[in-house]
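Open the model in your viewer and keep the selection tool at hand. This tour goes stop by stop and says what to select next.

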Amino acid sequence: MEQQLSENIRLNQVGYYPNAPKMAVVVGEMEDGEFYVKTPDLQETVYTGQLTATKAGEFSNRPTRVADFSNYKEPGSYVLVIPGIGHSYEFEIDRDVHKDVAAASIKGFYYQRMSTDLPEQYAGKWARAAGHPDNEVLIHPSAVSTQRPAGSVISAPRGWYDAGDYNKYIVNSGISMGTLLSAYEDFPGFYKNLELNIPESGNNVPDILDEALWNLRWMMAMQDPEDGGVYNKLTNPSFEGMIMPAEASKPRYVVQKGTAATLDFAAVMAQASRIFSNYESEFPGLADSALVAAVKAWSWAQRNPNVDYDQNAMNKQFKPEVSTGGYGDKDYSDEFIWAAAELYVTTKQDTYYNEVNMLPDNKMPLPSWPQVRLLGYYTLNRFSSELTPAAQKDLPEIQKRLVSFADELIDGADTRTYRTVMGKTEGDYIWGSSSVAANQGIVLIQAYQLTDNKKYLKAALSNLDYLLGRNATGYSFLTGFGEKSVMKPHHRPSVADGIEEPVPGLLSGGPNARADKQDNCTTYQSSFADEMFTDDDCSYASNEIAINWNAPFVYLAGAIEALQDRAAL
Ligand SMILES: [Ca+2]
Ligand SMILES: [Ca+2]
């Protein structure tokens with residue numbers, strides 16, 4: 001029996017740090033007894049442990065036991081063996097064990113680049129021709145201004161494909177860029193040495209910043225120079241079929257300005273200005289241009305504080321109708337907080353801070369594309385030693401709330417079936433639940449940085465374990481990593497390129513309690529919240545990829561790598 005691979009042994013399929021916690025979860029009926037860590041050829045037993053008592057899964061009631069082998073610390077390649085069940089996938093115990101994952105998840109953005117060939121030198125077997133030059137983009141009738149009547153043409157190349165589709169959306173780019181740039185600002189030492197094999201590798205600029213710049217240049221072109229307002233998206237009228245980027249030929253439009261897009265843009269430009277001011281000789285004028293753009297966007301939003309992007313309403317008024325992603329949001333209090341925080345920290349001018357109520361209530365909402373309040377708090381906290389009294393007065397309260405939010409997240413994780421922070425309630429299993437796990441991890445990293453208490457760091461690591469396989473589906477959700485990782489994401493290039501393996505380094509959305517009702521895919525094998533997932537490209541509600549899911553994964557994996565020595569037991 002132990003010669004047989006068992007998919008019922010759930011573990012981080014990539015691996016574990018020598019001195020950090022190491023756990024696997026075994027699903028199914030089994031006897032009390034021992035488990036073994038063995039060499040992959042099963043010849044040598046290097047560690048023997050005792051399975052915990054059976055516990056029923058929180059959502060499925062399936063019997064589960066935990067194998068804790070944290071005390072085994074020798075670097076090497078291993079499998080876990082459960083008598084009567086079988087052996088696990090092979091995993092590593094080593095230093096830097098998530099370095100490749102951290103790098104690949106940033107490289108995932110390179111594969112999403114528009115308007116450029118991806119040559120084999122960088123893209124390997126996923127090399128492809130350029131798609132979407134976006135140098136002749138039409139002003140949609142919803143987006144006109146005096147200098148830019150309907151049908152006039154602008155150029156807005158570059159940027160990343162947002163998700164499995166071929167459009168680019170400022171709101172979703174906003175949180176994605178903010179998260180990537182924050183990863184760099186929080187762990188610059190780690191990123192300065194992380195090479196990705198992209199065209200800009202070796203240019204003295206950290207590759208994570210080079211990659212972010214590909215999208216930043218596009219974002220800058222999405223601002224109407226006349227008034228500072230920012231278009232919500234650059235899009236086809238309707239989604240493309242499952243074709244390669246270079247085959248796509250539908251007309252492209254920029255569509256209606258909005259308050260959410262303009263404030264997210266302001267936040268990203270202000271943060272980018274701060275970061276790229278350290279690279280003035282490599283990118284002359286970039287930091288200044290970004291700050292000018294941020295200030296103009298901010299003042300547009302001050303004059304237009306409530307412009308919704310309501311696609312249905314827009315389609316009643318303007319043609320062609322647009323049916324691609326809406327990213328509609330109606331509450332801009334969080335976008336104002338984030339933009340004000342970034343502008344204030346970059347300029348040190350109190351006016352930005354004082355124009356917004358930074359603590360409107362005591363909520364601590366986990367970041368997502370319509371909810372970016374915590375990105376502002378993270379930035380205030382990051383620059384806590386440089387704040388003026390205007391912001392200094394709120395800092396203790398913000399820090400207290402961040403830590404108590406982290407406490408709320410970790411409550412019960414030690415006894416949860418999968419020993420992860422992820423999965424406390426069914427509410428964690430929403431569309432894009434992988435980003436819930438990753439964003440929880442970021443909150444925990446913030447709490448660790450504030451308190452130096454390693455329980456938060458270990459809790460963050462538990463969610464990385466979740467994303468790489470210790471979960472109720474048994475999948476590693478990052479393409480290309482783990483023996484059982486997602487193979488058929490809803491991602492047009494991966495579907496259309498004729499290559500068996502999907503484009504690597506992309507994070508699948510993960511289980512979604514309502515996925516079957518949302519995409520009507522018929523291949524779901526389970527209806528339990530933590531298992532409602534299918535590795536099928538029909539499943540855009542559980543198995544799409546998206547830049548706003550990859551970005552928090554980048555942050556979490558990079559933070560864990562940067563802090564690995566402090567996660568010791
Ligand atoms: Ca570089
Ligand atoms: Ca919002």
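Select helix H3 (170-186), H11 and helix H14 (433-451): each supplies at least two residues of the lining of the second largest cavity. Helices (H or I, at least four residues) and strands (E, at least two) are DSSP runs, numbered from the N terminus. H3 gives the most to this lining, four residues. A cavity, on a 1 Å grid over the protein atoms alone, is a set of points where a 1.4 Å probe fits but cannot get out; lining residues have an atom within 4 Å of a point. The second largest cavity holds about 60 Å³ of space. Grid points are joined across faces, edges and corners, and a volume is the space filled by probe spheres set on the points. Its lining includes Ile-175, Gly-178, Pro-367 and Tyr-555. Six lining residues are nonpolar, four polar and none charged. Here Ala, Val, Leu, Ile, Met, Phe, Trp, Tyr, Cys and Pro count as nonpolar, Asp, Glu, Lys and Arg as charged, and the others, Gly among them, as polar.

The model is predicted: local features need pLDDT of at least 70, side-chain atom pairs count only at pLDDT 80 or more, and totals for chains, interfaces and linings use all residues. Residues are numbered from 1 along each chain as its sequence is written, chains are lettered from A and ligands numbered from 1 in the order in which they are written, and side-chain values use heavy atoms, with hydrogens and water left out.

Go on to the largest cavity, of about 80 Å³. Among the residues that line it are Glu-58, Arg-416, Tyr-466 and Asp-530. This lining has six nonpolar, three polar and three charged residues. The count of cavities of 30 Å³ or more is six.

Next, the pockets. A pocket is an open set of points with protein on both sides within 12 Å along at least five of seven lines. The largest pocket has a volume of about 660 Å³. Select Tyr-327, Trp-369, Trp-431, Asn-548 and Trp-549, the closest to its centre of the 27 lining residues. H14 and helix H18 (547-562) give two or more residues each. The largest share, three residues, comes from H14.

Move to the second largest pocket, about 330 Å³. Of its 18 lining residues, Asp-414, Arg-419, Lys-458, Ala-459 and Ser-462 lie nearest the centre. Helix H15 (residues 454-467) gives the most, with six residues. Eight lining residues are nonpolar, two polar and eight charged.

Now select the calcium ion (ligand 2). Which residues coordinate it? Asp-329, Asp-331, Asp-334, Glu-335 and Pro-370 do, at 2.3 to 2.8 Å. Glu-335 in helix H9 (residues 333-347) and Pro-370, in the loop between helix H10 (350-354) and helix H11 (373-382), are 35 residues apart. Donors are N, O and S atoms within 2.8 Å of the metal (3.2 Å for Na, K and Ca); water is not among the atoms, so sites may look incomplete. Glu-335 is buried, at 0% relative accessible area, whereas Pro-370 is partly exposed, at 25%. Buried means under 20%, exposed over 50%, partly exposed in between (1.4 Å probe, protein chains only).

Finish at the calcium ion (ligand 1). Glu-200, Asn-203, Val-205, Asp-207 and Asp-210 coordinate it, at 2.2 to 2.7 Å. Val-205 is buried, at 5% relative accessibility. Asp-210 is buried too, at 4%.
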